[in-house]
Amino acid sequence: MLKKCLLHLKWWVVLYLFIGFAIQFLSSSGIVVFQQILDKAVAAKHIDEVTGLIAVYGILLGSTVILNYLDEYPSTHISNSLTERLKIMALSKISRIDYQAYQDLGTGQMIKVIENGAIAGSGILFSFLLRTMHELLPTIMFSLVFISFYDLRIMLVIAGGYVVIFLITHLLLKYLYKMKSTILKEQEKLSRYSVRGFMELVVFRTNKRYGKEIDKLSQTARSIINTSTRLKMIHEAFFAIFEWFITVVKIVVLVYGIQGALAGDTSLGVVVALLLFIEKIYSPIAIFNVLFVDYKLNRVAYQRLEDFINAPEDKNLEAGKEVTDIQGKIEFRKVSFDYGKVKALSNVSFSIEAGTSVALVGLSGSGKSTMIKLIAGLLKKKEGQILIDGTDIDDLSLNSYYDHISYLSQDTPIFDTSIRGNIVFDQAISDEEIYAVLEKVHLKETVLKLPGQLDAWVGERGVKLSGGERQRLAFARILMQRRNVLILDEPVSALDNLTEASLMETVLNEFRNKTVIIIAHRLNSIKEVDKIIVVEKGSVIGEGKFDYLMDHCEAFKELWHKKASIEAISE
Ligand SMILES: Nc1ncnc2c1ncn2[C@@H]1O[C@H](COP(=O)(O)OP(=O)(O)OP(=O)(O)O)[C@@H](O)[C@H]1O
């Protein structure tokens, strides 16, 4: 994935590295010219003898300043692009991910994994790999080469010292790594506590939980602060040791340099140049250590993003037979399905004729939604066959199938956009047509009163609407779509009985001669459907018209009486 990102930005990367090498070459050359100016100036009789060199020195410094400024362009572009690109890759993964794998992940965790992983991925590529190649490598390389021109032994001592420091860092990294992973876990805990505190205001306020929640948060925060401080101190100790080592080298160079200059073996300019090069080489080596440790720790967070990106995909979305038209005959043949160890359906067979309406009824947890999700192609059967107009659903391209079905899931599918966007997405459809549909779902008057009307924002998952308004808005979408197959998973649970009855009548009228599959807990609302399928513990135990089932299916009769008495109480 990181490779793909790099390839996508290859010309920016080339430019960035080129500028990095150019800056370091110019600035190292600047030190050499400076040394020559110093040495010539000592022996010179007139300033004219060094003005040429001073001009070159000025040009070198000036060019470095300009390049440093220009460098910001590719650097900002690359670092921002990497994080955003990784997030876009993650979203595009969601568009293909296997639905069951998606359910297993959980939204909160997924968002954290993507956010942390994108930042870590950008850290690995930009802050470590590219920055090392752009800044540190050329600085260390040019400094060592230029130092070796002056004195090979000093270059070897610094290079050797660095290798030792690097090895020690590497050994201690395991210890640091443990501390860092503790911090990460504690941070995740902190984030979990604070997110639930922000989201569950009603539960926590009415149960007076905020005091305890804040205590937990404070404890976790204290632990993070303590561990982070210890980690920082240990990490910084490496640099203190290295700085000591460099200081000793500088003193030795100064003592021997002055002695050499006095004896005429070297010049003061060379001593100054050496000290500048030693200073110049110190910071990139120190920075490299920080980046190396960060890189190692970033890999943990990035690996979690990579695992998410490698999660199984729904291969049927694109591959398979194109569905150009659909009649709407649906058949289950000995279908079984389980959620891991939870067996949800076993050996289920039934058929739904094209153009008929069917209701799935049964107690909570009996397997109705699982059947619906199998028909919608979200879940994949483990055994048996699901035929859509005679073709196995696994042989169909789901994206083309979705052009012909409308599906309302149990959790009303309203999303964070306007009323209009929730009904037509971004299709250009006239206000009159939208209002006509809103009238059918008894929502026109409500929308006309909203500030912004059709363009009123409904909030996350439609929080600015009542539960019933959300469900009616979702109905408006399916009425607008007018597809040949309509799948409704408990679409009316939040509606009062009168609205529910009127809405179901509208739907059954509008979708006459189309295939309609409904799950409804209030049995009153599905009395008029062509067929009722009774589900119990993952099996079909009866099917037929309402009156037939009341006479022949004991379980249905029982269900009807139980629900009727509950509905009577709730009315
Ligand atoms: N994602 C899941 N992971 C594990 N088990 C699940 C999952 N979804 C559903 N189940 C289990 O599968 C069984 C059937 O669930 P399903 O949602 O199909 O029932 P249902 O008849 O639609 O129930 P309800 O009327 O309450 O919506 C239940 O035992 C449920 O706990």
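Predicted model: local features only at pLDDT ≥ 70, side-chain atom pairs only at ≥ 80, totals over all residues.
Q: How is the chain divided?
A: Into domain 1 (2-309) and domain 2 (330-570), with bounds from an automatic or database domain assignment. Their centres, taken over C-alpha atoms, are 55 Å apart.

Q: Switching to the ligand. Which residues surround it?
A: Among them are Gln-103, Tyr-339, Lys-368 and Thr-370. A residue is near if its C-beta atom, placed from the backbone, lies within 6 Å of the molecule.

Q: Which element gives the most to that shell?
A: α10, with three residues. Both α10 (368-375) and β2 (342-352) supply at least two. Helices (H or I, at least four residues) and strands (E, at least two) are DSSP runs, numbered from the N terminus.

Q: Now β3. Why is it largely enclosed by the rest of the structure?
A: Because five of the five residues of β3 (residues 357-361) are buried. Buried means 20 or more other C-beta atoms within 10 Å of the residue's own, with C-beta atoms placed from the backbone.

Q: Which residues sit on each side?
A: Ser-357, Ala-359 and Val-361 on one, Val-358 and Leu-360 on the other.

Q: And which strand does Ser-357 face?
A: β8, where Val-516 stands opposite. β3 and β8 (residues 515-519) pair in the parallel sense over four bridges; pairing takes at least two DSSP bridges.

Methods
Residues numbered from 1 in each chain as written. Buried ≥ 20, exposed ≤ 12 C-beta atoms within 10 Å, placed from the backbone.
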